[in-house]
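Here is a friendly briefing on side-chain contacts. Please have the model open as you read.

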Amino acid sequence: MRRADRLFLLVNALRGRRAAVPAHVLAESLGVSLRTVYRDVADLQLSGVPIEGEAGVGYVLRKGADIPPLMFNADELEALVVGTRFVRAFGGARLGASAKAALLKIEAVLPPELHARSERSRIFAPEVARLESSGLIDRLHAAIEARNVLRVDYRDQDGQTSAREIEPLCLAFWGGSWTIGAWCRLRADFRSFRPDRIDAITETGEIFADDAARGLEAYLRRVGGA
C-alpha cells in the first residue's frame, strides 16, 4: 500500500469516532505494525491534521474535521457491505484487501444512522480455506490483466490430465465454483476451465495479441454472455 493511501485510510478510520481508537486496532485494520501507526500519526499531527491522543491510550480526530457524508440510502449501503464481504471471501487476496480498504473509506464518511445500519447486515460470506486463499485466483487474475500465456496441466471430469497452453480472458464465479474463460491453443477454440482442476500452472513469459477473433467479446458471444 502506498504511504499516501495509508495516511488517508488512517484519517478515515478515526473520522466520526466518539471514543479513542487504540493503535493496535488501527494497525490491524491497515495491516501495518504499531510502530508504523505511531510514526504516521506523528507525521499527520505535524502536518496539521487535528488528531488527539497518545500511544497506549488511543487516538481521536477532533470534531469539525469531517467531510460531507456520501449519499447512500440504507439499501444501497447494505448492498455495498454485502458485496464487499463476498469479494473478501471469494475474490482473491488482492481484491479482498482492496474491498476492505474501500469499505473503510465509505464507512468513515457515513452519518451515524447509516454507519449503524452497515454493521447490522445479517448476510455473511465466511472466509474459508478455498482456491481464493491459495493464491491461484490472484495468479489467474494477474495473467488475464497482463495477457500472459499460461501452461497448465488440466484434469477433465474423468480425471484424465492434458497439458494445455491457454490465453486467459476472464474469470467467472458461479456461486460454488470458479471458471476461467480462455482460448485453448491445443483445441484451437474457446474453452472454460475450472481452476480447481488445474494441477500445475506456469507463466510462459509470452504475451498474447489482442485478437478480436479469439478475444473476450468473441468468447462471451460463444457462451451467450451479455
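**Side-chain contacts at a glance**

Arg3 is partly exposed at 39% relative accessibility (buried means under 20% relative accessible area, exposed over 50%, partly exposed in between, with a 1.4 Å probe and protein chains only). This is a predicted model, where local features need pLDDT of at least 70, side-chain atom pairs count only at pLDDT 80 or more, and totals for chains, interfaces and linings use all residues. Residues are numbered from 1 along each chain as its sequence is written, and side-chain values use heavy atoms, leaving out hydrogens and water.

**Salt bridges**

- The whole structure contains 16 salt bridges (a side-chain nitrogen of Lys or Arg within 4 Å of a carboxyl oxygen of Asp or Glu).
- Arg3 pairs with Asp40, with the closest N and O atoms 4.0 Å apart, and Asp40 is buried at 0% relative accessibility.
- Arg151 and Glu165 form another salt bridge, at 2.9 Å between the closest N and O atoms.
- Both belong to a salt-bridge network that also takes in Glu167, Arg185, Glu206, Asp211 and Arg214.
- Asp199 meets Arg155 at 2.8 Å, N to O.

**Aromatic pairs**

- There are six aromatic pairs (rings of Phe, Tyr and Trp, using its six-membered ring, with centres within 6.5 Å; planes under 30 degrees apart are stacked, over 60 edge-to-face and the rest tilted).
- Phe86 and Phe90 have ring centres 5.9 Å apart and planes at 35°, so this pair is tilted.
- Phe90 is buried at 13% relative accessible area, whereas Phe86 is partly exposed at 37%.
- Ring pairs join Phe86 and Phe90 with Phe173 and Trp178 in a cluster.
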